[in-house]
Amino acid sequence: MATTSVSGNSRAPATAAGRLLATAVANPFGTLVVLGLAYLAWTLGLPIVDWAFVNATWVASDRAGCNPDGACWAFIVNRLPQFAFGFYPEAERWRAWIVLLAPPLLLLLAMAPDFPGRRRILVVGFCLYPIAAFVMLAGGVLGLAPVPSEKWGGLLLTMVVGLGAFVFSFPIAILLAIGRASKLPAIRLLATGFIEFWRGMPLIAILFMSVIMLPLFLPPGVEFPRLTLAMIGITLYSAAFLAEVARGGLQSVSRGQSEAANALGFGFWAMQGYIVMPQALRAVLPGIVNSAISLLKDTTYVMVVGLFDLLNIVNAALSDPAWLGLATEGYVFVGLVFWSLCFGLSQVSARMERDAERNQSRTPSGERKAP
Amino acid sequence: MTANASISVRSLSKWYGSWRALRDVSMDIEGGTCTVLCGPSGSGKSTLLRCLNGLEEWQEGDVVIGGVPVGYRAGELRRLRRDVGMVFQSFNLFPHLSVLDNVTLAPRIVRRRGRRESEQHAMQLLERVGVGQHAAKLPSALSGGQQQRVAIARALAMRPSILLFDEPTSALDPESVKEVLDVMIDLARSGTTMAVVTHEMGFARRVAGRVVFMDKGSIVETGEPDEFFDCPCTDRAKAFLGNIARN
Ligand SMILES: Nc1ncnc2c1ncn2[C@@H]1O[C@H](COP(=O)(O)OP(=O)(O)OP(=O)(O)O)[C@@H](O)[C@H]1O
Ligand SMILES: [Mg+2]
């Protein structure tokens, strides 16, 4: 780059402004591009800032109380509890709070500096979360008042469905990946058929099927709430995708690894659990996180079977007569919430990759051998 | 050491599809001795070794370890694998585990030994092969020779009754070859039953009780190392040794 020529033989200018000027003069084309971009950002960005912040209204009791030139965030603020928890009864909200805050806290822990036991807490935390969340929200045990799942909604529902389907689909995906690589034709065929079936169907069709058709196959008298049925569908859908990611990882583990494990007397499952899978999953970590991110966004499809996840509940609130015409605010809000969650996930993924890399490149030993 | 059971192979035959890789191979390895296998590429040395520790199934014949015959059926092969240690040409250490964990994993998981006991034993073995100070590192931080010595310690940790080596030094630079051979010589001298596929004549002359020469899936000639290398009886062995000498 031409910018490096500034630090040539001449004395470097003393002030920051001086240095900037010197750089600009040394690289006129770059300077032009930067100025052009700055102008664009100014003309396009300023109206957005005006709308979102300068002219925005944060406190109002209805649409009429909002400045018509700016965003009416008061709508979001007024409805925030509903967007967060759906129709979860107010007296039991503390349970919903716990379920809602646990995942972000786990994500923070995943970004925290390492300390002994951190990984264990994370793994156990994420694995237990879906079950614990279900028990916590549904109640009926441990002296918790029962709350039917029809009342769960908003971000709470998104969190439970997204994380739950992901965690449940993980072991299924691993089994499918192992099955697809099996030497036994029957198992291979079954796994492949399963994966292709669930991967090839649109999620919306899967959701309709699981909510409408699945109950027909259940024995009479057995009834599952719609949320459970939808979760089953999403879990299998996610398992099919994850299985292909895991299979990629399996293929990256060399045959020598399973041979060495065999030669040491490992059985099949011990070999998979201690030797092959840890390497396979580490190799495809970015793909796994990518799947998690797309699954989280795919949970918005549950609206087609009448569940009120974050997107659907905001959507429904848009038709409130007191707050008509605020679609932009509503969707911007939904977008920001999803974006933050996905951003958090990708940060965690980057962190895990950094950790793995550091582990692999620990300084090689200088000395050759003990004297 | 406990690794001193005898092993004998009785009329072993193995086919890959219609290709016959082993033809009626019979061989005895006396407890506490070292046998060197050699022969041209594709002669079936690796295949024989892999049958000896149950990595391959075979179709006819028996392997007898310490007087107990082991058939070719899957369940029996599992038992065979625990009692027979193997060291590979490409080390095959577990890259995601520290050197110490590489050595302790199998005793803990397969033999169900406690962590403390396994780690003590592992440290002894790592000291013995001269890589004790690297116990906490990952395998990728070690040189080839060091990795191969860790692999030997890993095999020993299972307290096998016999150790198999498949060209353990052919992936190493000359300096590392010596490190690894020194460890193997030490093992052989301490009375470990060993079967080693190698073309290292010096090693064979120093510690091997017997040399087995294979060609085209069968054993063509066996003899004492000095005898075999100095005046082989068969033409095929003569041609093979001539080739090695030329390289
Ligand atoms: N998995 C397999 N499928 C089919 N044929 C095989 C397989 N493994 C080995 N063979 C064949 O069996 C024969 C013996 O192979 P083996 O690997 O035992 O030879 P080797 O003596 O170890 O040779 P090298 O010195 O090259 O390692 C070879 O002809 C090889 O092509
Ligand atoms: Mg070979």
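Residues are numbered from 1 along each chain as its sequence is written, with chains lettered from A and ligands numbered from 1 in the order in which they are written. Since we're looking at a predicted model, local features need pLDDT of at least 70, side-chain atom pairs count only at pLDDT 80 or more, and totals for chains, interfaces and linings use all residues, while side-chain values use heavy atoms, with hydrogens and water left out.

Who takes part? Contact, meaning heavy atoms within 4.5 Å, brings in 28 residues from chain A and 36 residues from chain B. The two chains bury about 2700 Å² between them, 54% of it on carbon and sulfur atoms. By buried area I mean the accessible area, with a 1.4 Å probe, that two parts lose on being put together, summed over both.

On the chain A side, helix 10 (255–263), helix 11 (268–283) and helix 14 (327–360) each supply at least two residues that touch chain B. Helix 10 of chain A gives the most, with 8 residues. Helices (H or I, at least four residues) and strands (E, at least two) are DSSP runs, numbered from the N terminus. By type, the chain A side divides into 11 nonpolar, 10 polar and 7 charged residues. Nonpolar there covers Ala, Val, Leu, Ile, Met, Phe, Trp, Tyr, Cys and Pro; charged is Asp, Glu, Lys and Arg; the others, Gly among them, are polar.

Over all chains, the salt bridge count comes to 24. One of them is Arg119(A) with Asp355(A), at 3.8 Å from N to O. That pair links helix 5 (residues 118–138) to helix 14 of chain A, 236 residues apart.

Now over to chain B. There's an open sheet of 6 strands with mixed pairing, in the order 6-7-8-3-9-10; strands pair if DSSP finds at least two bridges between them. Strand 6 (84–87) and strand 10 (218–223) of chain B are the edges, each pairing on one side only. The twist averages 20° from one strand to the next. Axes are lines fitted to C-alpha atoms, for helices over the stretch in contact, and angles run from 0 to 180 degrees between N-to-C directions.

Strand 9 (residues 210–215) and strand 10 of chain B pair antiparallel over 5 bridges. Val211(B) sits opposite Gly223(B), and Met214(B) faces Ile219(B). Their hairpin has 2 residues between the strands, and Lys216(B) takes a positive phi near 50°.

Last stop: an open, antiparallel sheet of 4 strands in chain B, ordered 2-1-4-5. Its edges are strand 2 (19–29) and strand 5 (68–70). That's me done.

Notes. A salt bridge is a side-chain nitrogen of Lys or Arg within 4 Å of a carboxyl oxygen of Asp or Glu.
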